[in-house]
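Please open the structure in your viewer and keep the selection tool handy. We will walk through it stop by stop.

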Amino acid sequence: MTGDVTTCPGDALVVNLFEGVGAGIKKQAGRARSRGGMPLRGATAAVDAALGGAIGRLVRAGEATGKWGEQTLIHSLGRLPVERVLVMGLGKAEEFTLDRVRAVAAEAARALRRVGARRVATIVHGAGAGGLHPAQATQALVEGTLLGLYRFTRYKPNHDDAKAIERLTIVERDRQRAKAMTEAVRRGRILAEAANAARDLVNEPGNTLTPTELARRARLLAREARVRCEVLGPAALRRLGAGGLLGVARGSQEPPRLIILSYRGRRGGPHLGLVGKGITFDSGGISIKPAEHMEAMKGDMAGAAAVIAAICAIARLGLPLRVTAVVPATENLPSGSALKPGDILHAMSGTTIEVINTDAEGRLVLADALTYARRLGVSHLVDAATLTGACVVALGTLNSGAFTNDQAWLETVLAAGRAAGEKIWPMPMDPEYDELIKSDIAEIKNTGGRKGGAVTAAKFLQRFVGAIPWVHLDIAGTSEADKEKGYQPKGATGVMARTFTALAMEMLAKK
Ligand code: BES
Ligand code: MN
Ligand code: ZN
C-alpha cells in the first residue's frame with residue numbers, strides 16, 4: 001500500500017535498524033535527535049515517534065543495537081493501529097545485500113507467525129538508507145518471506161494450521177516507487193513459488209513420488225504455467241535406444257519416464273536446455289549403499305525438481321526465449337533383473353559404457369537426457385544433479401560445484417547464481433582427467449575411482465554434450481539443509497530453481 005506506516009492496519013508491523021544508527025540519541029521534545037550517532041530515520045523514526053520514543057529508548061539502553069539477526073518485539077498498546085512492532089537488526093549498512101533482505105524478511109515472517117500474527121505489514125529493508133534498488137529489494141523481500149515461511153506439512157495431520165500468515169502488506173510512502181514495486185512483487189512471488197514447488201517434490205517420499213508420479217506432477221505444474229509436457233515410457237525409450245536410463249530402471253518395478261517440458265517465449269534466438277537428474281530413490285542398486293542415511297536418497301531427484309520448477313517460472317514470467325527441460329526419471333534398486341557391475345550399456349548416443357558401480361547411476365541416466373536435449377537443438381545447456389558424494393566432500397553444503405566446457409557460459413551461470421543468492425564454485429575440467437574413465441572393454445566406464453570423483457563424474461557427462469556450451473551443477477551438498485538458516489528452512493532447499501530462472505533473465509540481458 002501507499003501511505004504512512006503509522007496508519008497501517010494489521011497484527012504486526014516490521015521496521016528495521018542498521019547497526020550504529022540511533023546510538024547517542026537524546027530525547028528532545030518527543031523526537032529522536034542525534035548526539036554523535038546517526039538519528040533514527042525514515043519509517044523507523046516515524047514509528048518511534050508514534051510509540052512515544054520507545055525505539056529510541058531501547059537503543060539508548062543498549063537493548064536494541066541494530067546488530068545482524070537481532071529482533072526486538074514491541075507492543076504498541078494502542079498507540080498504533082498494529083498490535084506489535086518488530087524491529088529487525090540489519091547489521092552494518094555497508095555489509096547489507098539483497099540476500100540479507102531475503103534472510104531478514106524470512107526471519108521476521110517466521111517470528112511473527114510464531115506469535116500468531118496473521119496480517120503483517122512491512123517496510124522494504126535496504127531501499128532507503130541501505131541504498132539498494134527499491135524494486136530489487138522489494139523482489140528480495142517477497143522472495144525471502146515466501147521462502148522462509150515454507151513448511152512441508154503434508155504428512156503431519158495434527159499440524160497447527162492456526163498459525164499462518166495470511167497477508168503481507170508492503171508499505172511505501174512514495175507513489176512512484178510503490179508503482180514500480182508491483183512488478184517486483186510478482187517476480188519475487190514467482191521465484192519463491194518455484195523454489196517452494198521444487199522443495200515439495202524433493203521432500204515427498206519415494207513411495208509416493210515414483211517416476212510416474214513425478215511425471216504427473218510435472219504435467220500439472222506445466223499445465224498451470226502453460227508449458228508443453230511430453231512423457232515417454234519404456235516402449236518409446238527402447239525405440240530411442242536409451243540404454244542408460246533403461247539400464248538403471250531394470251532393477252525397479254516402476255517404469256522409467258523421460259519427461260520433456262517445452263516453452264516457446266520467442267521464435268528464434270537462444271534455446272536454453274535444462275536437464276535434471278530424476279532418481280526418485282537411489283538405493284545404489286546391486287552396489288547397494290549402507291543403511292545409514294539411505295532415506296535421504298528420496299531426494300536424488302532434486303535436479304529434476306529444479307528444472308521443472310524453473311521452466312514453469314520462466315513461462316509464468318513470460319520471458320522471451322525458448323526453453324526445453326529434460327528429466328530422466330527412474331528408481332535405482334537391486335533385484336534379480338537389476339543392472340550388475342561389469343555390464344555394458346549402449347547409451348542413446350551410441351557410446352558404450354562399462355558399469356563398474358551401479359551406484360554411479362546418475363551419469364547413466366543423464367547421458368541419455370543430455371543426448372536427447374542436444375537432439376532437440378538447444379543452444380545452451382545446463383544440468384543440475386545430486387551426482388556425487390565427492391562434491392560434498394570437496395565443497396560441503398555451502399556451494400554447488402560447477403563444471404563446464406565453456407568459460408563464458410559459466411560466467412553467465414555464476415551471475416545467475418549471484419542474483420539468486422545461491423552459491424556456486426567452479427571446479428577443474430582438465431583433459432587429463434579423461435584418462436580416469438577409460439574402460440578396457442568399452443568406450444568409457446561409469447566411475448573413475450575415489451580420487452576427484454566429482455570431476456570424473458562431470459567428465460563422463462561431458463562425453464554427451466558435444467560442442468554445446470554446457471555447465472553441470474553438482475548439487476549433492478546443497479539440495480538439502482540439515483538446519484534452518486535465514487530463508488532456508490530445514491529440509492529441501494529447492495536449489496537452482498531460482499538460479500535457472502535468473503539464468504534465463506541473464507541470457508536476455510546479455511544480448
Ligand atoms: N545420489 C548419489 C550421490 C549423493 C551422495 C547425493 C550424497 C546426495 C548426497 C549418487 O548416485 C552416488 O551414489 N554417487 C556415488 C558415485 C560413486 C559410486 C562413483 C558416490 O558419490 O558415492
Ligand atoms: Mn547412486
Ligand atoms: Zn544417485
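Start by colouring everything by pLDDT: this is a predicted model, with a mean pLDDT of 95 for the protein. Of its residues, 97% reach 70 or more.

Now select residues 28-36, where pLDDT stays under 50. For this stretch the model has 15 contacts beyond four places in sequence. Take care here: where pLDDT is low, the predicted coordinates should not be read in detail.

Next, select ligand 1 and show what lies around it. Which residues are the closest to ligand 1? They are Lys289, Asp300, Asp359, Glu361 and Gly389, out of 15 residues that surround it. Colour this shell by type and you will find seven charged residues, five polar and three nonpolar.

Stay with ligand 1 and look at its oxygen atoms. A polar side-chain atom of Lys289 sits 2.8 Å from one oxygen atom, and a polar side-chain atom of Lys277 is 3.2 Å from an oxygen atom. Gly389 takes part through a backbone N or O atom, 2.7 Å from an oxygen atom of the ligand. Of the 520 Å² of accessible area that ligand 1 has on its own, the protein covers 75%.

For the last stop, turn to the aromatic rings: the whole structure has three aromatic pairs. Select Phe18 and Phe96, an edge-to-face pair with 5.4 Å centre to centre and 90° between the planes. Phe18 belongs to strand E1, while Phe96 is in the loop between strand E5 and helix H3, so the pair ties together parts 78 residues apart in sequence.

Conventions
Residues are numbered from 1 along each chain as its sequence is written. Chains are lettered from A and ligands numbered from 1 in the order in which they are written. This is a predicted model: local features need pLDDT of at least 70, side-chain atom pairs count only at pLDDT 80 or more; totals for chains, interfaces and linings use all residues. Side-chain values use heavy atoms; hydrogens and water are left out. pLDDT is the predictor's confidence in each residue, from 0 to 100. Contact means heavy atoms within 4.5 Å. A residue is near a molecule or strand if one of its heavy atoms lies within 4 Å of it. A polar contact is a pair of N or O atoms within 3.5 Å; within protein, one must be able to donate a hydrogen and the other to accept it, and residues adjacent in sequence count only if both atoms are side-chain atoms. Accessible areas come from the Shrake-Rupley method with a 1.4 Å probe; for residues, only the protein chains shown count as cover. Ala, Val, Leu, Ile, Met, Phe, Trp, Tyr, Cys and Pro count as nonpolar, Asp, Glu, Lys and Arg as charged, and the others, Gly among them, as polar. Rings of Phe, Tyr and Trp (its six-membered ring) pair if their centres lie within 6.5 Å; planes under 30 degrees apart count as stacked, over 60 as edge-to-face and the rest as tilted. Helices (H or I, at least four residues) and strands (E, at least two) are DSSP runs, numbered from the N terminus.
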